[in-house]
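Here is a short briefing to read alongside the model. Please take a look at the fold before going on.

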Amino acid sequence: MPVPDVFVFNRAIIDSTAAVASAYKPNLAFYEALGLPGMEALERTVSHIRDVAPDAVIIGDAKRGDIGPSARAYAKAMFGFWDFDAVTVNAWGGSDSIEPFLEDPTRGVFVWCRGSNPGSGDFQDLLVDGKGEGTPLYEAMARACADWNTSGNIGLVVGATVPGQLAAVRSLCPDMPLLIPGVGAQGGELESAVRAGCDSKGRLALINSSRGVIYASPSADFASAASEAASRLRDSINHVLEQDGLGWLSS
Ligand SMILES: O=c1ccn([C@@H]2O[C@H](COP(=O)(O)O)[C@@H](O)[C@H]2O)c(=O)[nH]1
C-alpha cells in the first residue's frame, strides 16, 4: 500500500469501528518499516482515534526492552511523544528495564509474558527454578510482575492460542489486566480465551484481533467488513460471558 494511503485506510477502519472497539493497538513495527512517512501516518492515526473515539484506549505495541537509560528514552518516546495510554514491553532485562515505563501510574504497561506464536514456548515454557517440577519461565514472569505492580499499572500479554497458560496466568494474577492476542488470523479459540482470560467478574481481558478486523475484506467494502468483524467479535465475547452469567446485562 503506498504510504499516504496508510492513514486513509486507518481512518476508514477507525471511523467504522469507533462505536465498537474499546481499544486500538497500533503496532509500531509496521509504521517504522515505512520510515518517516510511516511515522507521519502513525501520528495522524493516533490523533484521529483521539478525535473520533475519545474513550478508546490506545496501546502502543512496540515491546521495547533495554537497560535503564535506554529504557527511559523508550518510555519518553512512547508516553511523552506518542502519548499512548499504554504500551507493551519486553521485560527480559528484569525490573530496572521496565521501571521507567512504570513511573506514571496513569499509563498502562503490558509485559509480554506468554506469546501466541508457535516458538514462544522455546524459552517461556522452560522450567526455571530447578527444584522439583520447576516453574515455567512465563509463570515466573507473571509472579515477578505481580510483585512489581506497586502502582497498579502493569498488565500481561498472554496468547489466546495457549488457553492452559492463559488460565495459569489468570489464577496467579487475578486482578491484573490481560492483553490477549491470537484470535482471528492466528486461530486461537475465542471461547476458551474469554473463559481463561477474564477475571471472576468477566472483566480485565482485552481480546485483540488485528488482521481479523482490518483485513476482513480485501475489497472496497473493507471498512464495513471491519465494522461487522469487530461487532461479531464483541457479540461473541458477550455471548460467552452471558452463558456464564457474567455479561453486562447479567451483572
Ligand atoms: O504473543 C504475542 C504478542 C503480540 N502479538 C501482537 O498482536 C497482534 C496480533 O495480530 P493478529 O493480526 O490478530 O494476529 C500483532 O500486532 C502481534 O505483533 C501477538 O500476536 N502475539
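The notes below cover the sheet, a helix pair and the ligand shell.

This is a predicted model, in which local features need pLDDT of at least 70, side-chain atom pairs count only at pLDDT 80 or more, and totals for chains, interfaces and linings use all residues. Residues are numbered from 1 along each chain as its sequence is written.

**The sheet**
- Seven strands form an open sheet in the order S1-S2-S3-S4-S5-S6-S7, with parallel pairing (strands are DSSP E runs of at least two residues, helices H or I runs of at least four, both numbered from the N terminus; pairing takes at least two DSSP bridges).
- Its edge strands are S1 (23-24) and S7 (205-208), each pairing on one side only.
- Strand S2 (residues 57-64) pairs with strand S3 (residues 86-89) in the parallel sense over four bridges, and Asp61 stands opposite Thr88 in S3.

**Helices H9 and H11**
- The axes of H9 (residues 190-197) and H11 (residues 222-243) come within 10 Å and cross at roughly 55 degrees (axes are lines fitted to C-alpha atoms, for helices over the stretch in contact, with angles from 0 to 180 degrees between N-to-C directions).
- Leu190, Glu191, Val194 and Arg195 in H9 meet Ser236, Ile237, Val240 and Leu241 in H11 (contact means C-beta atoms, placed from the backbone, within 7 Å).

**The ligand shell**
- Among the 18 residues around the ligand, Gly115, Ser116, Pro181, Ser210 and Arg211 come nearest (the cut-off is a C-beta atom, placed from the backbone, within 6 Å).

Key: Contact = placed C-beta atoms within 7 Å.
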